[in-house]
Each structure stands twice: as C-alpha cells, then as structure tokens.
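Here is a short tour to read alongside the sequence and the 3D view.

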Amino acid sequence: MLAKRVIPCLDVHDGQVTRGVQFGRAESGGLRNVGDPVDLAVRYDEQGADELVFFDITASAHGRASMVDVIQRVAEKCFMPLTVGGGIRTLEDMQTMLKAGADKVSINSAALVSPELIQAGAEKFGSQCIVVSIDAKRSGDRWEVFSHGGRRTTGLDAVEWAREAVSRGAGEIVLNSIDADGTKAGYDLEITRRISESVSVPVVASGGAGSLEHMAEVLLEGKADAVLAASIFHFGEHTVADVKRFLAAQQIAVRL
Amino acid sequence: MIALIDYGAGNLHSVEKALRFVGADVRRFVSGDGLEEADAAVLPGVGAFDDCIHALNRQALLEATARFIRSGKPFLGICVGYQALFERSEEFNSCAAGLGVFRGSVVRFSGKDGLKVPQIGWNQIEMAKTDCPLFRGVPDKSYVYFVHSFHPQPEDDSIVATRTEYGERFASAVWHENVYATQFHPEKSQRVGLQILRNFINLAEQPPAGS
C-alpha cells in the first residue's frame, strides 16, 4: 500500500535554515535561525523523513546560487526525494536545480504569472518533476489564491487553479493555507479535502501543524497524500519518527 | 567499472551519486563507444518512454545497450530504463519500439476509484522470488520510492522479481539471467535502495559465469 508521506520543509535564507512566524513576516525581522541545511537534512534522513522540501525564501539570484550549493551537498548524503522551491521562474532555473540533485521543483508565483511554465516544465522534465504550490486564503465560502509569498491576491479560486495546474501538467500540488500557517492550530482541512477530491495527482498539505493529531486529521479528513511541516520538527517538539509512530497507531499507512 | 548510460535522463546524477556512495567506480557513456569494456551497466530514466528510446537512438546507445545486455554482463534498468526493456508503450502517441528484451507492453495505471496517477511516494515490494541477488538482505515488504504513471506488463510471469499493490498488483521489478530492472528508484529509496545498488555492484565484481 502506498504510504502517506511526512515531509520536513526547510526554509533557506542565505544558506541557513530559518523559520518566519507567518506569511509575509519573513523579511520583517520575524526570522529565527534554525541551523545548517545539510545537518538538518541528514538528521531528518536518519529520522525516516520520506522527502525533503527546500524553500529559498530570499528568491534572489544570490539565494539561488547558495541553494544550488545546499542541494548539491544534501544530494551527496541523503538518498531520498528532494524538492526545491522559491524563486523558480524559468526552465533554466528548473534545470539548474534538477542538475544540482533536486528531483522536483516547486513553482508558485511564476506559474500564476505564466501558466505555460507548468506545461513547458512538464514537457521538458516530465510531470513528476513539476510541483505547483498554492497559497490559499479563505474568503467567505471560497478560497482565494495569493501570490508573492501571500502578499498579493490573484482573485483566482484555489480549487479551480489546482485543477488548471494539473490539466497543464503539474504532477503534485502543495497546498499552503495562509490562514493556518504559523498558527499551530491545525491544517485547513476543508480546502485540503476539496482540492484533493478535485485533482488526480497527490496533494501535500502545508501550514498549521501544531500537533501530531493535526497531521493525522489532514491525512484522514483532509484526504491529503502527504503532510509538510517545519517548526514542529525544527524546534525539536517532535521527530519525524514520532509523527510516523503516531500515524501508524491511527491505522494510517506510513513507512516505518 | 560500471557504465552509466547517459542520454540525459533526469535522474542520472542521483543514480551516479548513489552508486558512488556505495563504492562503485562509475563512468558515464554518452555514446556506445567502449561500453563493452564495462563490467556492468545501468540505464537510468524518468519521464516518457519515447523520449528515452529516441534519445538512446540519437546517441547510438540503443544498439550498444542491446549488445551489452546480450553480452551476459549485469545490467540494471531503473524506471523508464526498466520500461525501455519491453517491446512497446501505450503512452499517449507512443510509436517507438523498445529494446524488446522482454515481451509485453508498458501500460498506464487505471486511475479508477480515485486512484492518484502518477503514483508518487513510498510503496512496498513483495518478493516474488526468494533467490534474486538484487534483493539480497532486503526484507519482504520493504518500502521503496516510486514516481510513475506507467508500468510494464511482462507477458512472462516468471521474470517478475517483486510485485507492488497500487489499485492493481504490478511487476515492480524483474530479473532474468543478467538483466535486473526496477520500476522504483533505488537511488531515492534510502537504506533499502542503497542495499539494492550495493547488491548490483557486487554482481559486477563477480567473475562472469563460465570463466
């Protein structure tokens, strides 16, 4: 049986893993230094992480260069799937990251600006390489897609955008709830379920994990295929192994 | 020396890094020249069947790969490198002929009952053979990493080395004589994957049968 995945996310700023408190606060002094990305990656590898996501929160040329170095070093030591996101705007950016050792690239704002990038990436590297990351915020009974790290509204409906991304060749959707991110109050179960039921590709839930129960909830009720979390792992509250043992006890298939 | 057949496959670097990590002396081959000198060969791959076959053909690697396989030395196909060993693919608009080492075609997952396609993630391998050297020391039902929408359907059941359940039970690895192939990615399957690659390089280090 296909296991549900547990994915630590490493936000990288200037070659160091950091964690902002909430969307949009990353540049305004809300950063907490967490450590060296390669050390953390190796630690999560040993704990049994199913995958690692690296996110360049500077999204600048300088940030990209240091990310290439991080990915190269991680790929020498961690033999598991690696995804890179943040500031990927062109096929060339994708190629650079894949060559460095990433297995997938995650695109967000660039896909909103030019949705053809999804197709072009899927055609060149295969759908399995192209992850579309969606930042969604609740607005009444719908969820709106935001771009540029949650700062700009697009007016798009999150479910519609997820469908379109998949029809253009996205192989996976990462759904970040802007409302839930950084609150530790749990994932947004409803939008996760709506998107998961609307698309044929795996959906990774992100934003809001504060407890082990939250992770079980979004996999069961939210119908997510994977859970992504950052602070819960970085600050030593739980190890990946803790999460998996807990999920297994709830009869959720995980790789132990 | 282990030859890594380099036709631009997306996972080439990962496979190379993993092989080196377990101690292999790896050399990339962008053409068929000298391929026969290798002790073993690995054909990586992700993406589309036709792209793989066409790229091999363009670089004069298709015939060289077929020749290498006939030489009897250990050969490992990974993902699309596994699919390429079959006769044909039912992938959309596919018209390329595969290597035809094994009979059968490459088919898509049904996607029925809300099954997500591609299959992305960790799934279990059930050993269909107990004596396959590639899986020495790998426990039954180990989790390995898959990323694929298609899988081969071998006509000859006796070549199936492992099976995996994903809406259907498919052949997740095959073994026949010197040819080993996996639908999953050993280079991305942590400890289990590294063990499989280590087993493969051990095969390459053994003297060829009959000598």
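## A glutamate in a loop

In this predicted model, Glu51(A) sits in the loop that runs between helix H1 (37-47) and strand E4 (52-56) of chain A. Is this residue buried or exposed? Its relative accessibility is 1%, and because buried means under 20%, Glu51(A) counts as buried.

The side chain of Glu51(A) makes a polar contact of 2.8 Å with that of Arg5(A), and another polar contact of 2.8 Å joins it to the side chain of Lys104(A). Setting aside neighbours within four places in sequence, the contacts of Glu51(A) include Val6(A), Ile7(A) and Pro8(A), along with Met80(A), Pro81(A), Thr83(A) and Glu172(A). Chain B takes part too: Tyr145(B) is among the residues in contact with Glu51(A).

## A sheet in chain B

Over in chain B, 3 strands form an open sheet with mixed pairing, in the order E5-E6-E9. Its edge strands are E5 (88-89) and E9 (150-154) of chain B, each pairing on one side only.

Strand E5(B) runs parallel to strand E6 (residues 104-108) of chain B, with 2 bridges between them. Have a look at Ser89(B), which stands opposite Val106(B) in E6(B).

## How confident is the prediction?

For chain A the mean pLDDT is 91, with 95% of residues at 70 or more. Among the elements of this chain, helix H6 (residues 158-167) has the highest mean pLDDT (98) and strand E3 (residues 32-35) the lowest (80).

Residues 24-28 of chain A have pLDDT below 50, and beyond near neighbours in sequence this stretch has 5 contacts in the model.

Methods
Residues are numbered from 1 along each chain as its sequence is written. Chains are lettered from A and ligands numbered from 1 in the order in which they are written. Side-chain values use heavy atoms; hydrogens and water are left out. Two strands pair if DSSP finds at least two bridges between them. Helices (H or I, at least four residues) and strands (E, at least two) are DSSP runs, numbered from the N terminus. pLDDT is the predictor's confidence in each residue, from 0 to 100. Contact means heavy atoms within 4.5 Å. Buried means under 20% relative accessible area, exposed over 50%, partly exposed in between (1.4 Å probe, protein chains only). A polar contact is a pair of N or O atoms within 3.5 Å; within protein, one must be able to donate a hydrogen and the other to accept it, and residues adjacent in sequence count only if both atoms are side-chain atoms.
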